[in-house]
Amino acid sequence: MGFNCGIVGLPNVGKSTLFNALTATQAAQAANYPFCTIEPNVGRVGVPDERLYTLAKLAGSQKIIETQLEFMDIAGLVRGASKGEGLGNQFLGHIRQVDAIIHVLRCFEDDDITHVDGKVDPLRDLMTIETELMLSDLESLEKRVVAAGKKAKSGDKEAKEFVDVAEKVLKLLQDGKPASMYKPDKNEEDVYQQLQLLTSKPMLYACNVSEAEAATGNAHSKAVFDYAAKNGSKAVIISAAIEAEVASLPKEEQQEFLESLGLKETGLNQIVREGYNLLNLLTFFTIGPKEAHAWTTTQGSKAPQAAGCIHSDFERGFICAETISYKDYVECGTEAVAKANGKMRLEGRDYVAQDGDVFHFRFNV
């Protein structure tokens with residue numbers, strides 16, 4: 001299990017270029033005109049994690065398997081998308097499939113690349129997209145509330161619960177606020193998830209700047225960061241052009257190239273880190289001589305649920321988890337030494353998985 005991110009934005013902001021770079025493919029045709037991308041391109045990439053490589057070296061693992069991150073490159077939305085403009089309904093449907101949204105905003109000036117509104121203004125672009133998402137949610141939810149309301153009047157308990165939550169969220173949307181501003185209590189959480197609203201999805205703003213401004217950002221990216229901070233969102237600075245160059249280099253040359261530009265890491269690393277934070281994910285490991293494997297689960301998952309990320313049989317027949325923390329594994333150097341020093345623990349069904357745990361699951365099916 002990794003997570004699925006949809007890359008959205010207006011046409012010509014660098015979405016497909018970023019997608020190509022992040023997935024190190026040329027699956028998405030990058031061209032200087034709107035609606036170049038019609039069907040969403042999907043790419044899976046390994047999530048870089050230095051801990052995995054360290055553990056693999058200590059264990060002498062023959063194979064390294066990173067946890068996976070999936071990107072979906074969604075065609076450029078335009079004003080009026082919620083009413084079908086620019087094939088908007090089709091593209092909005094693609095966004096409903098993803099777990100989180102990476103909103104690419106053009107924060108660079110280039111007379112050779114057309115902007116659909118004639119001028120670079122990332123905050124205007126941001127509001128254009130988010131207004132379309134809200135309008136789509138509003139239209140969808142209004143119809144569903146009417147239908148559920150009829151059932152609720154006939155005594156349907158589930159329909160009544162749905163209407164109670166949906167009407168509160170609907171009020172936010174009618175006031176021009178995203179569904180993410182609604183904070184459901186424990187009893188409402190399941191119903192809220194059933195709403196499947198576009199504006200309830202975690203959002204990460206990716207400020208696409210020129211190569212020269214990748215290390216420092218610019219006035220455009222600062223405006224986006226300020227907006228994100230005020231609205232409880234996150235933003236990162238990336239340069240799609242640099243990401244494309246890095247992807248074309250041999251791995252051993254990539255870090256030197258980044259450092260020559262004053263950068264410590266790639267945009268992919270930033271997006272992965274912030275994406276994990278957005279979705280409340282954590283990584284655990286299974287390590288052995290044959291392979292070192294990273295896995296992803298949600299924060300708060302108990303040991304059986306973590307085991308289920310590997311195979312449903314592991315969860316169904318869960319007995320216990322032999323557990324070593326990453327820190328203890330590295331300090332001891334091997335699993336055998338960790339076990340001899342009392343650093344390996346037997347954890348049961350109620351153990352909450354921690355980021356960096358090294359597991360061996362015992363199960364019986």
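This is a dialogue on how several labels for this predicted model follow from its computed values.

Student: What does the secondary structure of the protein come to?

Tutor: The protein has 14 helices and twelve strands. Buried residues account for 48% of its 365 residues. The accessible surface is about 17900 Å², and carbon and sulfur atoms hold 50% of that area.

Student: How do you know how far apart in sequence the contacts reach?

Tutor: Take the contacts between residues at least 6 apart in sequence: 67% of them join residues at least 24 apart.

Student: Why is the count of disulfides zero?

Tutor: A disulfide needs two cysteine sulfur atoms within 2.5 Å. For C107, the closest cysteine sulfur is that of C207, at 4.2 Å, so the pair is too far apart for a bond. Starting from C207 leads back to C107 at 4.2 Å, again too far. The count is therefore zero under the 2.5 Å rule.

Student: Are C107 and C207 called buried or exposed, and what makes them so?

Tutor: Buried means under 20% relative accessible area. C107 has 0%, so C107 is buried. C207 also has 0%, so the label for C207 is buried as well.

Student: What makes C320 buried or exposed?

Tutor: C320 has a relative accessibility of 10%, which is under 20%, so C320 counts as buried. This cysteine is found in strand 10, residues 318–324.

Student: Which residues does C320 touch, leaving out those up to four places away in sequence?

Tutor: With those neighbours left out, C320 touches L346, E347, H360, F361 and R362. For a contact, heavy atoms must lie within 4.5 Å.

Student: How do you know whether F19 is buried or exposed?

Tutor: F19 has a relative accessible area of 1%, which is under the 20% limit, so F19 is buried. F19 lies in helix 1. F19 and G6 are 13 residues apart in sequence, and their C-alpha atoms are 10.0 Å apart.

Student: What is phi in Q196, and is Q196 buried or exposed?

Tutor: Phi of Q196 is about 50 degrees, a positive value in a residue that is not a glycine. Exposed means over 50% relative accessible area. Q196 has 59%, so Q196 is exposed. The loop that holds Q196 runs between helix 6 and strand 6.

Student: What makes a residue part of the lining of the largest pocket, and how many residues line it?

Tutor: A lining residue has an atom within 4 Å of a point of the pocket. For the largest pocket, 35 residues form the lining, and S180, T199, S200, K201 and P202 lie nearest its centre. The space in this pocket is about 1000 Å³.

Student: Which elements each supply at least two residues of that lining?

Tutor: They are helix 4 (122–153), helix 6 (189–195), strand 6 (203–208) and helix 10 (267–279). Helix 4 gives the largest share, four residues.

Student: How do the residues of the lining of the largest pocket divide by class?

Tutor: There are 18 nonpolar, ten polar and seven charged residues.

Student: How many residues line the second largest pocket, and which lie nearest its centre?

Tutor: The second largest pocket has 29 lining residues, and P48, Y53, T266, L268 and N269 lie nearest its centre. Two or more lining residues come from each of helix 1 (15–23), strand 2 (41–46), helix 2 (50–59), helix 8 (240–248), helix 9 (251–260) and helix 10. The largest share, five residues, is that of helix 10. About 890 Å³ of space lies in this pocket.

Student: What does the lining of the second largest pocket have by class?

Tutor: This lining has 13 nonpolar, six polar and ten charged residues. Asp, Glu, Lys and Arg are the residues that count as charged.

Technical notes. Residues numbered from 1 in each chain as written. Predicted model: local features only at pLDDT ≥ 70, side-chain atom pairs only at ≥ 80, totals over all residues. Heavy atoms only, no water. Buried < 20%, exposed > 50% of the residue type's maximum accessible area, 1.4 Å probe, protein only. Areas by Shrake-Rupley, 256 points an atom, 1.4 Å probe, with all protein chains shown as cover. 1 Å grid on protein atoms, 1.4 Å probe; cavity = no way out; pocket = protein on both sides within 12 Å on 5 of 7 lines; lining within 4 Å. Points joined across faces, edges and corners; volume = space filled by probe spheres on them.
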